[in-house]
Amino acid sequence: MSKIFTFLKKEIVLTVSFVLAIISMIFVTPNEKYFDYIDFRTLGLLFSLMTVMAGFNKMGVFKVIAEYLLNKVNTMRGVTLSLVLLCFFSSMIITNDVALITFVPFTIVLLKLADKQSRAIYVVTLETIAANLGSMLTPIGNPQNLYLFSAYNMNISDFFKTILPYALISLVMLVCCSLFSGKSPIVYNGNREELNFDKRLIAMYIALFAIALLSVFRVLNYLILLAVVIAFVLIFDRKVLLKVDYSLLFTFIFLFVFIGNLGNISQINGWLSSVVNGNEVPVGVLASQVFSNVPATILLSGFTNNATDLMIGVNIGGLGTLIASMASLISFKFIQKENVSIAKYFGLFTLFNVLFLAANIILWLVIK
């Protein structure tokens, strides 16, 4: 029982989505139409991209890049700015959760080696915000964008034009906050990773990533991508399949079932349609605070055709509460293992998230 409780606690979003799917089945009897609920293209793309990024991460590619850049700076301000920018820009390609899994532990180790543990709360808070906001600028940066880009057949130019203003204001704010870290000197005495990567695997993952991008932009059918990724990984690096976040894939499946069933309950369908239509941004922000932005995206997408406003709402909605973006919980899990005040982290995290959220909402009100 203790193992089950631990699992449920660790995978709270998966558990909740499963319970919601089961409850919805009481009102809509399972039938063959359930398969129509599931967006297999999104699942295939998500699995393929997570596998490729897990491969790069397993080889330590991202850590080596981080160490190289950080060896070029020697002040606390420079280190903070470098780490924050790393999370912001890398998340556009490797996703927000992978960016945080990669750089937050490295940040904690680096600050310990430099005897700057007291700055961990501030730096990790900014890194978390940077990953969540940087990832919104590309269709592959986070799961909600990948889903929306696929489900609504979005145009790439419209996608960038819609989200670019929010990414820019967020970047400016992050740089300003990073500059307040001070000019105190910092010496990093860690041992740099040796660049002894398996060249075949590096080449394979670069090629698979390129193929994945072709599929994201609908040049290549996702089934071909899926077949190629599975075949090559099974042959050359099968252990990386253990690093894929399957809980996220099953969370999507359960939510697809739940939302599909909601769409077949006329009373709920009508109410959600009336609430969501025309209010995609505020509803997306509020729903993300409670459900987290990925589940909120899947839930609300069934009741609106306004993909751009929904995308704005759920992306800036990743700011706010600790669960507004599940990626934020990754940072929290790492920081709570350290000798720091959790109350202080929670307070600073919430304060900065609210400030960034408010700035983005004000920008939205001005633009609209």
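The legends below describe close-up views of a predicted model.

**View 1. The largest pocket and its lining.** The largest pocket holds about 1300 Å³ of space. Its lining comprises 46 residues, and those nearest the centre of the pocket are Asp97, Ile101, Asp245, Ser247 and Ile330. By class, 28 of the lining residues are nonpolar, ten are polar and eight are charged.

**View 2. Helix 4 at the largest pocket.** Helix 4 spans residues 40-58. Seven residues of the pocket lining come from helix 4, the largest share of that lining.

**View 3. Packing of helix 4 against helix 11.** Helix 11 covers residues 199-216. The axes of helix 4 and helix 11 lie 10 Å apart, at an angle of about 155 degrees. Because angles over 145 degrees count as roughly antiparallel, helix 4 is roughly antiparallel to helix 11. Their crossing is left-handed. On helix 4 the contact is made by Arg41, Leu45, Leu49, Thr51, Val52, Met53, Gly55 and Phe56; on helix 11 it is made by Ile202, Tyr205, Ile206, Leu208, Phe209, Ala212, Ser215 and Val216. Twelve nonpolar, three polar and one charged residues form this contact.

**View 4. Packing of helix 4 against helix 9.** Helix 9 runs over residues 143-151. The axes of helix 4 and helix 9 come within 9 Å and cross at roughly 140 degrees, and the two helices are therefore oblique to each other. The crossing of helix 4 and helix 9 is right-handed. Helix 4 contributes Arg41, Thr42, Leu45, Leu46 and Leu49 to the contact, while helix 9 contributes Pro143, Leu146, Tyr147 and Ser150. These residues divide into six nonpolar, two polar and one charged.

Technical notes. Residues are numbered from 1 along each chain as its sequence is written. This is a predicted model: local features need pLDDT of at least 70, side-chain atom pairs count only at pLDDT 80 or more; totals for chains, interfaces and linings use all residues. Side-chain values use heavy atoms; hydrogens and water are left out. On a 1 Å grid over the protein atoms alone, a cavity is a set of points where a 1.4 Å probe fits but cannot get out, and a pocket is an open set with protein on both sides within 12 Å along at least five of seven lines; lining residues have an atom within 4 Å of a point. Grid points are joined across faces, edges and corners, and a volume is the space filled by probe spheres set on the points. Helices (H or I, at least four residues) and strands (E, at least two) are DSSP runs, numbered from the N terminus. Ala, Val, Leu, Ile, Met, Phe, Trp, Tyr, Cys and Pro count as nonpolar, Asp, Glu, Lys and Arg as charged, and the others, Gly among them, as polar. Axes are lines fitted to C-alpha atoms, for helices over the stretch in contact, and angles run from 0 to 180 degrees between N-to-C directions. Angles under 35 degrees count as roughly parallel, over 145 as roughly antiparallel, 65 to 115 as roughly perpendicular and the rest as oblique. A crossing is left-handed if the near helix is turned anticlockwise from the far one by less than a right angle, and right-handed if clockwise. Contact means heavy atoms within 4.5 Å.
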